[in-house]
Amino acid sequence: MYVYILGGFLGSGKTTLLMKLASMYTKRGLKTALLVNESGEIGVDGATLKAEGYDAIELPDGCICCSLSGTLQKALVNITEDIDPDIIIVEPTGLALPHKVKELVQSSGIETEGTYIIGVTDVERFELLVSKKEEFIRRQMMAADFVLINKKDIAKPGQIEFIEGWFKKEFPDKDVMIVSAKTGENLESVYGMMK
């Protein structure tokens, strides 16, 4: 069993990506479970995923790397025992630090063949976010095994190059791929990068 953690700021397209990746795994005959952490009062993501027919567990009201750490670990154990998936995809709230979530997964007691972080950012707001919250963005992306620059379908001239330049400067050894979770562009290549 592999665990993938989607890390990225609010609105980066993690839920759309989650659904596309889950669909790709399901089409390949792999049992996939989804664990979604919503920070709002109404868990739209969990309801949407369940309506699509996925095994989705929702952890509302709190951050899984902080106040809900024990809840996350219990949910992982329950998913493993009840569903026995090939893949678990975890979508923390956009305010979470993915490396902290990875530490919780690794100390939960579940056996995995690997736990990986996929950093997700979007062309639409990256420049603004970096200008206001650069240290937080850096901390979110530092442990990513690879990074997806999402929303290629709405990129304006120069946006992708700006983001690629930032990652090349901050994380020169990190693989960065440009995708559109909405249109599916380059997602087959993402699947190829996943174990």
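Biologist: Over which residues does pLDDT stay under 50, with twelve contacts beyond four places in sequence?

Modeller: This is a predicted model, in which local features need pLDDT of at least 70 and side-chain atom pairs count only at pLDDT 80 or more, whereas totals for chains, interfaces and linings use all residues. Residues are numbered from 1 along each chain as its sequence is written, and side-chain values use heavy atoms, without hydrogens and water. Given pLDDT as the predictor's confidence in each residue, from 0 to 100, and contact as heavy atoms within 4.5 Å, the stretch is residues 40–46.

Biologist: Is strand 2 largely enclosed or exposed?

Modeller: Strands (E, at least two residues) and helices (H or I, at least four) are DSSP runs, numbered from the N terminus. Buried means under 20% relative accessible area, exposed over 50%, partly exposed in between (1.4 Å probe, protein chains only). Thr32, Leu34 and Val36 on one side and Ala33 and Leu35 on the other are all buried. Five of the five residues of strand 2 (residues 32–36) are buried, so this strand is largely enclosed.

Biologist: Which residue of strand 4 is the bridge partner of threonine 32?

Modeller: Strands pair if DSSP finds at least two bridges between them. Strand 2 and strand 4 (residues 87–91) pair in the parallel sense over five bridges. There, the partner of threonine 32 is isoleucine 87.

Biologist: With which residue does arginine 28 form a salt bridge?

Modeller: A salt bridge places a side-chain nitrogen of Lys or Arg within 4 Å of a carboxyl oxygen of Asp or Glu. Arginine 28 is partly exposed, at 37% relative accessibility. With the closest N and O atoms 2.8 Å apart, its partner is glutamate 188.
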